[in-house]
Amino acid sequence: MRKLITAFKVSVDGKVEAAQDMADWAEAWSDDYGLTDEIDACVLGGKMYPGYERYWTGIQTEPDKPAWITGTAPTPGELAWARFAAKTPHYVLSTTVTSVAWPNTRILRKRDDIAALKQQAGKDIYLMGGAQIAASFIDAGLVDEIRLIVYPLIAGPGKGLFALTEQRRGLELRKVQQLPGGKLGLTYGLA
């Protein structure tokens, strides 16, 4: 069975977004989790999809232009993710999204569709978010691994990664990595 892996860039106090709906501490939106060799599908929630589509389409079509979210030119890692994402199947889990423009993307309506996707042959699947869908999938027992990059800051008000989970879950620490700038890379398996 394929693993469903979720990954987030978080503050020390567990925030994935500041009060302004942005993780302004994240330096880039590239794959800093080491996932590209391990996955062959991505899952997003309906709330995240429109911004994701706009951001990565912009980088693909105008790689030298500053990205609309960051206001800076894409990093080499973001350019690499844009190339990877263009050829990787994406699934949008939503009851409200009716169409998608991103190539190789399908809309799924139920969590059971993701459970079925895990049963298919292939590499692992990246559940990229947002926090609400990640919490829902953790509660449903569908997430197999959580990868975090913890930034050395206290964000204060904002969206907590696990604020919406409804059940206590044990985690098994699988990997700790000290990263530049005081960041930590943490990989947990769900018990």
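# Terms and values in a predicted model

Biologist: Which residues of H1 are buried?

Modeller: The buried residues of H1 are Tyr49, Tyr52, Glu53, Tyr55, Trp56 and Ile59. Buried means under 20% relative accessible area, exposed over 50% and partly exposed in between, with a 1.4 Å probe and protein chains only. This is a predicted model, in which local features need pLDDT of at least 70, side-chain atom pairs count only at pLDDT 80 or more, and totals for chains, interfaces and linings use all residues. Residues are numbered from 1 along each chain as its sequence is written, and side-chain values use heavy atoms, with hydrogens and water left out.

Biologist: What is the confidence of the protein?

Modeller: pLDDT is the predictor's confidence in each residue, from 0 to 100. The protein averages 91, and 99% of the residues score at least 70. Strand E2 (residues 15-18) has the lowest mean, 86, and strand E9 (residues 171-178) the highest, 97.

Biologist: Why is Leu4 called buried?

Modeller: Leu4 has a relative accessible area of 0%, and is therefore buried. It belongs to strand E1 (residues 4-11); strands (E, at least two residues) and helices (H or I, at least four) are DSSP runs, numbered from the N terminus.

Biologist: What does Leu4 touch?

Modeller: Contact means heavy atoms within 4.5 Å. Not counting residues up to four places away in sequence, Leu4 touches residues including Ile114, Lys118, Ile125, Leu127 and Phe137.

Biologist: What span is expected for H1?

Modeller: The expected span is 1.5 Å times one less than the number of residues. Helix H1 (residues 49-61) has 13 residues and reaches 18 Å from its first C-alpha to its last, close to the 18 Å expected.

Biologist: What makes E3 and E6 a pair?

Modeller: Two strands pair if DSSP finds at least two bridges between them. E3 and E6 have five bridges, in the parallel sense, so by that definition they pair. Cys42 stands opposite Tyr126 in E6. The open sheet of eight strands runs E5-E4-E3-E6-E1-E7-E10-E9, with mixed pairing. E5 and E9 are its edge strands, each pairing on one side only.

Biologist: Which residues have the most contacts inside the largest nonpolar core?

Modeller: A nonpolar core is a set of buried Ala, Val, Leu, Ile, Met, Phe, Trp, Tyr and Cys residues joined through side-chain atoms within 4.5 Å. The largest one has 29 residues, and Leu35, Ile39, Tyr52, Trp56, Trp81, Tyr126 and Met128 have the most contacts inside it. H1 gives the largest share of this core, five residues.
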